[in-house]
Amino acid sequence: MPAKCLRPRLLGSSGLEVSAMSLGSWRTFEHLPEETGSAIMAAAADEGINFFDDARYNDETGGAPLPTGYSEVLFGQLFRAAGLRRDEVVVANKLWWEFWPEQSAAAELDGSLARMGFDHVDVIYANPPPEGLPVADMVAAVGGLLGSGKARAWAMVNWPAGPCGEAVAAAAGLGVAPPCAVQLPYSLVHRSWVEDPEMTQALHAAGAGVVASFCLEGGVLSGKYLAGATTGRAAAALDDPRAAAAVAAAPGLAALAAALGTTAAALALAFPFTNADVTTVLFGATSPEQVRANCAAASLLDRLSPGDIDRLRQIGAG
């Protein structure tokens, strides 16, 4: 296991050690044969990944036995089929607040745990609270999950800087452990959430790390669409204005990758590590080979010169 490549690091003040690369499920596994899904998880563990991210999603296939949450059932099944040991990994899930106030934070997590077949998660991410749920009340509810032992630490996902700082302050005032991380999209072409001074201040106040997500911009920065690929997450959205920055950056990234003897995907996944606030880079995969290729990005910066890193950071800037 090339653990040195994925050098474990502390996730904020949680005391949990996580690998530099982490594997997300998003809506991937529902579209793959089960043997492929378990092979992906096994490959991740073999590469040194110990941080696995899951969540409840609605069925998009039309064939799941549950309208929502089959993603969690499948995650638990694949986790066990891959031979992963629960005491050796860090598992995260999310509170979406979709059915609040009828469904409390505790009830939402209980439902997720039952579907996954686990008795606790290590990290529970809180989505921004819905209208009518004050930030302080949300933090108190999450604190109750920590007190119950059903979550060991908490974090935030997709929070703007202002409310993020408010949640950090609320935790301090309520005596709740600070959030250990904030999961945010962070790529060569979308840097603002992570790099905004107000977010940096909130992160440092909590002692929290960044879990960088959407680093490949749905695959656009991998360069595969430059070769005319017609399948994939972003294939039908390349003309969408929201993809314009990634589409524009892809040729330059591919050219730099060729000059450095690596791949555009590896460079795009290595980029977040140029920021010291980033703890781990979260990605999804559709094959064991993709897992292995993506994990190589964790050590890529070690062999690049400062000039190479500057060239990388210039791509998509501004």
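Tutor: Let us begin with handedness: a crossing counts as right-handed if the near helix is turned clockwise from the far one by less than a right angle, and as left-handed if the turn is anticlockwise. Please keep in mind that this is a predicted model.

Student: Which hand does the crossing of α2 and α3 have?

Tutor: Helix α2 passes α3 in a right-handed crossing, and by the definition that is the clockwise case.

Student: What makes α2 and α3 oblique to each other?

Tutor: Helix α2, residues 70–81, and helix α3, residues 105–116, pack at an angle of about 40 degrees, with their axes 7 Å apart. An angle counts as roughly parallel only under 35 degrees and as roughly perpendicular from 65 to 115, and α2 and α3 are therefore called oblique.

Student: Which residues meet there, and of what classes are they?

Tutor: From α2 come E72, V73, F75, G76 and R80, which meet S112, R115 and M116 of α3. The residues of this contact divide into three nonpolar, two polar and three charged, with Gly counted among the polar ones.

Student: How do you know the relation of α1 to α10?

Tutor: Helix α1 (residues 34–47) and helix α10 (residues 288–295) pack at about 25 degrees, and their axes are 8 Å apart. That angle makes α1 roughly parallel to α10, since the cut-off is under 35 degrees. On the α1 side the contact is made by A39, I40, A43, A44 and E47, and on the α10 side by P288, V291, R292 and C295. By class this contact has seven nonpolar, no polar and two charged residues.

Student: What can be said in the same way of α5 and α7?

Tutor: Helix α5 and helix α7, the latter covering residues 197–206, pack at an angle of about 20 degrees with axes 8 Å apart, and they are therefore roughly parallel to each other. Their crossing is left-handed, which is the anticlockwise case.

Student: In what order do the strands close into a barrel, and in which sense do they pair?

Tutor: Eight strands close into the barrel in the order β3-β4-β5-β6-β7-β8-β9-β10, and the pairing is parallel. Neighbouring strands of this sheet are turned by 30 degrees against each other on average, direction ignored.

Student: How do you know that β4 and β5 are paired?

Tutor: At least two bridges are needed for two strands to pair, and three bridges join β4 (residues 51–53) to β5 (residues 90–95). As one example, D53 has A92 of β5 as its bridge partner. Strands β7 and β8 also pair in the parallel sense, over two bridges, and the bridge partner of M156 in β8 is V182.

Student: What makes β8 mostly covered?

Tutor: Four of the five residues of β8 are buried, where buried stands for a relative accessible area under 20%.

Student: Why is Y225 called buried, and where is it found?

Tutor: Y225 is found in the loop between β9 (209–213) and α8 (244–260). The relative accessible area of Y225 is 11%, and Y225 is therefore buried, the cut-off being under 20%. From I124, Y225 is 101 residues apart in sequence and 35 Å apart in space, C-alpha to C-alpha.

Key
Residues numbered from 1 in each chain as written. Predicted model: local features only at pLDDT ≥ 70, side-chain atom pairs only at ≥ 80, totals over all residues. Heavy atoms only, no water. Axes fitted to C-alpha atoms, helices over the stretch in contact; angles between N-to-C directions. Parallel < 35°, antiparallel > 145°, perpendicular 65-115°, else oblique. Contact = heavy atoms within 4.5 Å. Buried < 20%, exposed > 50% of the residue type's maximum accessible area, 1.4 Å probe, protein only.
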